[in-house]
Amino acid sequence: MKTTESRIGRTFDVHRHVLANGLTVLLVENPAIPGVAINVSVLTGARHEPEEKAGLAVMASRLLDEGTTTRTSLQIAEAIESVGGMLEADGSFERIVVSVAVLKLDIELGLELAADILINPVFPEDYVEKEKSRTLSEIASARDRPQVIAGWAFSELIYGTHPLHRPSHGYPATVEALTRTDLLDFHARFVVPNNTILSLVGDFDIPELLPKLERIFGSWQSKVLSFPTYPKPTQQTDRRVQYITMPAQQLNIYLGHLGVERANPDYYALQVLDTILGGGAGFTARIPQRLRDELGLAYTTFASITANAGIDPGRFVAFIGTSPENMKPAIEGLVNEIRRIIDEPVTAQELQDARDYLTGSFVFAFESSSQIARFLAHAEIYGLGFDYIEKYPKYIRAVTAEDVTRVARKYLDSENYTMVVVGPVNQNGDLLSDGSE
């Protein structure tokens, strides 16, 4: 095994290795808990599938544990259940993730199962058909939820032809057309060791573990990677509005525009802005306080520009769920609060409260071994550094009121925005008295 780097953080030691086949390995010993969390992140997802095969990456991820060249689906399930462990596989826009949790004495079994489903899946034809039916049912169910419909339409208007415009699970027509060959081809192209991060956190000894990793993953063949390319989405310079008729008791309103990438140097100032404007769990911010608590316009309301920042730009979203008769004041309220944080400095108390909230709640993301294992992959992908848990509070405390105003003026737009309204309205935005067309 080739050791390329070892980074030491104040809170925990992270040992980084790269196998000869390009597999990146991140290890943290945590003997306080008698178990091991394994996270395997393959850096591919819906962003790498063609438009006509939308839903391919998520389907491939869900079928990884439904049979390999060495084990049936039942054998995989029985193996992990027999030791009281957990094994899950799922996919998203940016990555495919296999998560395993086992006791210390079962670490080899956990690693072998993870390797088997990643390296040797066969995507059995009968399971492909079952997964297609399941996905189609999920899409049909989601289409009955006005907030989901609003979010989908919002992304379609913001992203245009960029892959982020579509749901990661695809559309009914594209899911119907997917084949076992499509899954095998996608897997062969992107699920390779030199496109994968393996992180382990738990009760193990690194010198003893390294030969096991080499034995289990070392024969996995690397390949030359070729990723599809597409133009970056651009900030809109116009206003885009869409009304969608659905029978519902309330209106679901999405208002916003293109957001930022996770690597944006203003990310931390924008997190503080998010907290002051849109809030977080247990934190009452401007939009919830004004629109929900003071004016009584909202059942649910929030706003964020950093929540889904990733490799590609996310979205700035201000959302409100409100009674139909409150549509106009609710929309005006969202726009006014966006405009106010652009035009007026935040107060010293707002700034201090937001910084205290962010630094105080941050530690709860590192309570379990599985959380730390996920963080290691996140830090590797976005170049955060493994001492991020130490640096993050410093980043947040360094944000000033002037920084918040600067990033608000740079990244928020209260004039050129996209708005989607879903509920008892017609296509012109007129309310329907009975909630139907």
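Analyst: Phe-362 is buried because its relative accessible area is 12%, where buried means under 20%, exposed over 50% and partly exposed in between, for a 1.4 Å probe and protein chains only. The model is a predicted one, in which local features need pLDDT of at least 70 and side-chain atom pairs count only at pLDDT 80 or more, while totals for chains, interfaces and linings use all residues. Residues are numbered from 1 along each chain as its sequence is written, and side-chain values use heavy atoms, with hydrogens and water left out.

The structure contains 16 aromatic pairs; rings of Phe, Tyr and Trp (its six-membered ring) pair if their centres lie within 6.5 Å, and planes under 30 degrees apart count as stacked, over 60 as edge-to-face and the rest as tilted. One of them joins Tyr-254 to Phe-319, and this pair is edge-to-face because the ring centres are 5.2 Å apart with the planes at 65°. The pair links distant parts of the chain, 65 residues apart: Tyr-254 belongs to strand E9 (residues 251-258) and Phe-319 to strand E11 (residues 315-322). Helices (H or I, at least four residues) and strands (E, at least two) are DSSP runs, numbered from the N terminus. Tyr-254 counts as buried at 8% relative accessibility, and Phe-319 is buried with a relative accessible area of 1%.

Phe-362 forms a stacked aromatic pair with Tyr-392, at 4.1 Å centre to centre and 20° between the planes. Phe-362 is in helix H12 (residues 348-362) and Tyr-392 in helix H14 (residues 388-397), so this pair ties together parts that are 30 residues apart in sequence. Tyr-392 has 3% relative accessibility and therefore counts as buried. Phe-362 and Tyr-392 also belong to a cluster linked by ring pairs, together with Tyr-267, Tyr-268, Phe-366, Phe-375, Tyr-388 and Tyr-395.

The charged side chains come next. Over the whole structure, 30 salt bridges are found, a salt bridge being a side-chain nitrogen of Lys or Arg within 4 Å of a carboxyl oxygen of Asp or Glu. Asp-203 and Lys-104 form a salt bridge at 3.7 Å, N to O. These two residues are 99 apart and link distant parts of the chain, with Asp-203 in the loop between E7 and H8 and Lys-104 in the loop between strand E6 (96-103) and helix H3 (107-119). Asp-203 counts as buried because its relative accessibility is 16%, whereas Lys-104, at 44%, counts as partly exposed.

Glu-415 forms a salt bridge with Arg-239, in which the closest N and O atoms are 3.3 Å apart. The partners are separated by 176 residues and link distant parts of the chain: Glu-415 is in the loop between helix H15 (401-411) and strand E12 (418-423), and Arg-239 in the loop between H8 and strand E8 (240-245). Glu-415 is partly exposed at 38% relative accessibility, and Arg-239 is partly exposed at 45%. Glu-415 also meets Arg-339 in a salt bridge of 3.2 Å, N to O. Arg-339 lies in helix H11 (residues 327-343) and Glu-415 in the loop between H15 and E12, so this contact ties together parts that are 76 residues apart in sequence. Arg-339 is partly exposed, with a relative accessible area of 27%. Elsewhere, a network of salt bridges links Arg-62, Asp-90, Glu-131, Arg-134 and Glu-138.

Finally, the loop between H3 and H4 deserves attention. Phe-123 is placed in this loop and has a positive phi of about 50° although it is not a glycine. Most residues other than glycine have a negative phi. Phe-123 is buried, with a relative accessible area of 0%. Pro-124 is also in the loop between H3 and helix H4 (125-142), and at 17% relative accessibility Pro-124 counts as buried. The C-alpha atoms of Pro-124 and Glu-66 are separated by 7.3 Å, while the two residues are 58 apart along the chain.
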